[in-house]
Amino acid sequence: YAIISANVRVEDFSVIHPFCNIGHDAIVGKYSEVEAYVAIGGASQVGEQAVIHPHATILPKIKLGEGGVVGAGSVVIKNVKEGTTVFGVPAKIVEF
């Protein structure tokens, strides 16, 4: 199961894995994946084709840009730009 609060919008072709908690008024964009045990705070926005790996936490009112990736166990406290990968506690940009 997953806990999805009021007024959450999950767009077409997105996947929400088990044991997630998505806060009120959040948006999960098209083709995105929210893996197991993820918590997304209220009024957050997950862009299209984004991936949030297991046990990550996104605080309320955060924007994860299109194609953004959040590493496993990370805590996102600031907005993440399009196409950026973040990891850690607190989450920081990872460069390859």
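Ring pairs join Tyr1, Phe19 and Tyr37 into a cluster, where rings of Phe, Tyr and Trp (its six-membered ring) count as paired if their centres lie within 6.5 Å. The model is a predicted one, in which local features need pLDDT of at least 70 and side-chain atom pairs count only at pLDDT 80 or more, whereas totals for chains, interfaces and linings use all residues. Residues are numbered from 1 along each chain as its sequence is written, and side-chain values use heavy atoms, with hydrogens and water left out.

Three aromatic pairs are found in a search of the whole structure. Tyr1 and Phe19 make an edge-to-face pair, with 5.5 Å from centre to centre and 80° between the planes; planes under 30 degrees apart count as stacked, over 60 as edge-to-face and the rest as tilted. Tyr1 lies in the segment before S1, and Phe19 in the loop between strand S3 (15–16) and S4, so this pair ties together parts that are 18 residues apart in sequence. Strands (E, at least two residues) and helices (H or I, at least four) are DSSP runs, numbered from the N terminus. Tyr1 counts as exposed because its relative accessibility is 68%, and Phe19 is partly exposed, at 38%.

Phe13 and Tyr31 form a stacked aromatic pair, at 5.3 Å centre to centre and with 10° between the planes. Phe13 belongs to the loop between strand S2 (9–10) and S3, and Tyr31 to the loop between strand S5 (27–28) and strand S6 (33–34), so parts 18 residues apart in sequence are tied together by the pair. Phe13 is exposed, with a relative accessible area of 61%, whereas Tyr31 is partly exposed, at 48%. In the loop between S2 and S3 lies also Ser14, whose side chain reaches the backbone nitrogen of Tyr31 at 3.4 Å. Such a polar contact is a pair of N or O atoms within 3.5 Å; within protein, one must be able to donate a hydrogen and the other to accept it, and residues adjacent in sequence count only if both atoms are side-chain atoms. Ser14 counts as buried because its relative accessibility is 18%.

Ile3 is placed in strand S1 (residues 3–4) and is partly exposed, with a relative accessible area of 44%.

Strand S1 belongs to an open sheet of five strands, with the order S1-S4-S7-S10-S13 and parallel pairing. S1 and strand S13 (75–76) are the edge strands, each pairing on one side only. Two strands pair if DSSP finds at least two bridges between them. Strand S4 (residues 21–22) and strand S7 (residues 39–40) run parallel and are joined by two bridges; Ile40 in S7 is the bridge partner of Ile22. The loop between S7 and strand S8 (45–46) holds Ser44, which is buried, with a relative accessible area of 1%. The side chain of Ser44 reaches the backbone oxygen of Gly41 at 3.0 Å, and a polar atom of this side chain lies 3.0 Å from the backbone oxygen of Leu59.

A further open sheet has six strands in the order S3-S6-S9-S12-S14-S15, with mixed pairing. S3 and strand S15 (92–93) stand at the edges with a single partner strand each, so one side of each is left without a neighbour in the sheet. Within this sheet, strand S12 (residues 69–70) and strand S14 (residues 85–87) run parallel and are joined by two bridges. Val86 in S14 is the bridge partner of Val70.

Side chains of opposite charge can pair when their charged atoms come close. One salt bridge is counted, the term meaning a side-chain nitrogen of Lys or Arg within 4 Å of a carboxyl oxygen of Asp or Glu. Arg9 forms a salt bridge with Glu11, with the closest N and O atoms 3.1 Å apart. Arg9 is partly exposed, at 44% relative accessible area, and Glu11 is partly exposed, at 21%.

Key:
Buried means under 20% relative accessible area, exposed over 50%, partly exposed in between (1.4 Å probe, protein chains only).
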